[in-house]
Amino acid sequence: MAELVAPAEGGRSLRRPEWRTFLSRYGSVVALALLLVFNLAFTPNFATWQTVNVNLTQVCAIVIVAVGMTLVIATGGIDLSVGSLMAIAGALAPLIFLGHVIPLPHPMVGVVLAFIVPVLVAGAFGWFNGWLITRFKIQPIIATLVLFIAGRGIAQVLTNGNLQVFNLPEFQFIGLGRVFRVPFQAVLMGVIVAAAAWMLRRTVFGRQILALGGNERAARLSGVQVGTVKRQVYMISGLLSGVAGLIVIARNSAADANLVGLGMELDAIAAVAVGGTLLTGGRATVVGTLLGALIIQLVRYTLLANGVPDAAALLVKAVIIVLAVWLQRQSQS
Amino acid sequence: MTGFAPQAVRTLGRHGVLLALVALILFGWARYDNFLGSFNVLSVLRYNAMFALVALGMCYVIMTGGIDLSVGSTAALGSVVAALASPYGPVAGLLAGVAAGLVIGVINAVVIVRLNILPFIATLATMLAASGCALLLADNQSVSVSYESGFVDLGQGDLFGFPVPAWIAASLFLAGSVALNFTAWGRAVLAVGGNEDATRLMGLPVDRVKASVYILSGGLAGLAGVILAAQFGAGQPIEGVGWELFAIASVVVGGTLLTGGVGSVGSTLAGVLLLGLIFNILNFENGLGSISLSAYWQSVVRGAFLLLVVIIQARLMTRSTGHA
């Protein structure tokens, strides 16, 4: 959580009550620690490798999408299209490796193309979002609403709404494979989180994202190519959505354009909000987003493992989101 | 020119959606038999009434510069509560469903106004909460309504040859339009969306106005849920997914600016009908048999339509601000 990069953060914190500052800065770490302690004490079979794996695989796709969402929100925008882009990538990949698009000289060619093409297509749609936003000055929520509505339709039209079932271990490695007993998707998630966190903190591009999210006009005046940066950020969000779509269909051994990524935009935004990224832009934490997603997942797991129905878990999730954002506000005001 | 241009743009935006609606209706009338037959017209009105109610609430919320993502789940909750209350008669079902929606609306209002949390996040949370409540109350399945009590007439009945849901929606749109254009409350809604700080300095009760639009939106979503339950004979806890975004799209197509301060109730209704007719026309096109477009095309066409509208709006806006 130490990677908060607020240009004007120091100084003011001295006047706030200590506990509030502490909670707002380390709240998610504390919450996660409390959850772990509670589960170790009360949930049977919690400290097993299987539990870790179950929770990790539940959260990977959300975190990968939420990393892109963090960057988008850091620029002061929002991306509602992520779930639909997942559906497009998820619909395209089987079409490619099952040979419905082009004849395949060798099965491995299909697998390689099925990894590359859908992700690039999702990235291109993400770039299109950014183009709408920068070229026509359309608000992000409306610009990405277009693909939220049309994107799932495109995926459904591509597959005619049919479930595509497959069994192709080479492709499904992304969702089912393991590296030293750790699910490959978790490794991928770790790499993406680390890369994005580094990028946001250490690179010019990262600083530009935060600068334009904090004050777009000032960023433009100081020479930031605002349009280019925004388009790239939305493209990254699209690319990551594509990756998440592939993971989901690989895990299920099936692609259902009606369901892949449904509601993902809300899960991702919730993770970003709980993680402590400022929703109006200018301050962001990728590691916080990871923690936010882990907290939401672990709360759900805790409730389910202790016999609370899933519907009640939704209520708890709602309270967590409001509480987290409220605590962050307390420390800012 | 400076004072005139935005006004012209606004008028064009408002008439634009009406022109598009008329064009679409003429297209359907010329191309298909029975398109303007009473059966089709009444079916379209009956089915779209609940979307219209949700969009009406959203329209006010957006005019204040806010957003309400919880309307879909609230409608689902309203449908479940109404179905549970339906054995006690249509009035009980109606009141129970609307009350459930009002409760969610009040929670939204408190979280946004008192806790000072962004509407986007606050209503995202209540969306989850309402959905959870609906699933808990319904025990994760749809709840059949009582067919003896007359409750289903709220969705399936006719009054003077016109569907009851359409009567409800039409009268509320009329009342809503009057409230926006001829009452102090309506002017306050637009003033808050136009410039919140200035409105506060003028001494208007900004917090009360903001609270009122979220409560109204919740109540209307609850009412939409009542109609949903009555029309399909069951309270449906998992319905309403994506309704909020459909409602936002209708409001935007109707020319209401998402930044608040500008808007019209009537053109929101036109926006709802426009997006609803796209589905209807696709059905007729399939009926002709010359082409076979699956139902999935409707979201592609709707998305493309939304794209067209927002690009045209954006161009008109930049042109007008360019002159100013």
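I began with helix α3 of chain B in this predicted model, asking how many of its residues are buried, and found that 15 of the 15 are, so α3(B) is largely enclosed by the rest of the structure. I then checked the length of this helix, residues 71-85 of chain B: at 1.5 Å a residue its 15 residues should span 21 Å, and because its end C-alpha atoms lie 20 Å apart, the two values agree.

Next I looked up chain B as a whole, which holds 13 helices and four strands. Its radius of gyration is 20 Å, close to the 20 Å that the globule rule gives for 324 residues, so I noted chain B as being as compact as a globular protein of that length. The C-alpha atoms of chain B fill a box of roughly 60 × 55 × 35 Å along the principal axes, and 52% of its 324 residues count as buried. Among contacts in chain B between residues at least 6 apart in sequence, I found that 78% join residues at least 24 apart.

I turned to the interface, where 36 residues of chain A are in contact with 36 residues of chain B. On the chain A side, α5 (140-159), α11 (264-275) and α13 (310-332) each supply at least two residues, and α5(A) gives the largest share, 13 residues. I sorted that side of chain A into 27 nonpolar, five polar and four charged residues.

Last, I examined the largest nonpolar core, which has 208 residues; among the members that touch the most others are A:Val63, A:Ile321, B:Val54 and B:Leu306. Leaving out residues up to four places away in sequence, I listed A:Met189, A:Val193, A:Ala271, A:Leu290 and A:Ala293 as touching A:Val63.

How values were computed. Residues numbered from 1 in each chain as written. Chains lettered and ligands numbered in written order. Predicted model: local features only at pLDDT ≥ 70, side-chain atom pairs only at ≥ 80, totals over all residues. Core = buried A, V, L, I, M, F, W, Y, C linked by C-beta atoms within 7 Å. Buried ≥ 20, exposed ≤ 12 C-beta atoms within 10 Å, placed from the backbone. Contact = placed C-beta atoms within 7 Å. Expected span 1.5 Å × (residues − 1). Nonpolar A, V, L, I, M, F, W, Y, C, P; charged D, E, K, R; others polar. Rg over C-alpha atoms; globule rule 2.2 N^0.38 Å.
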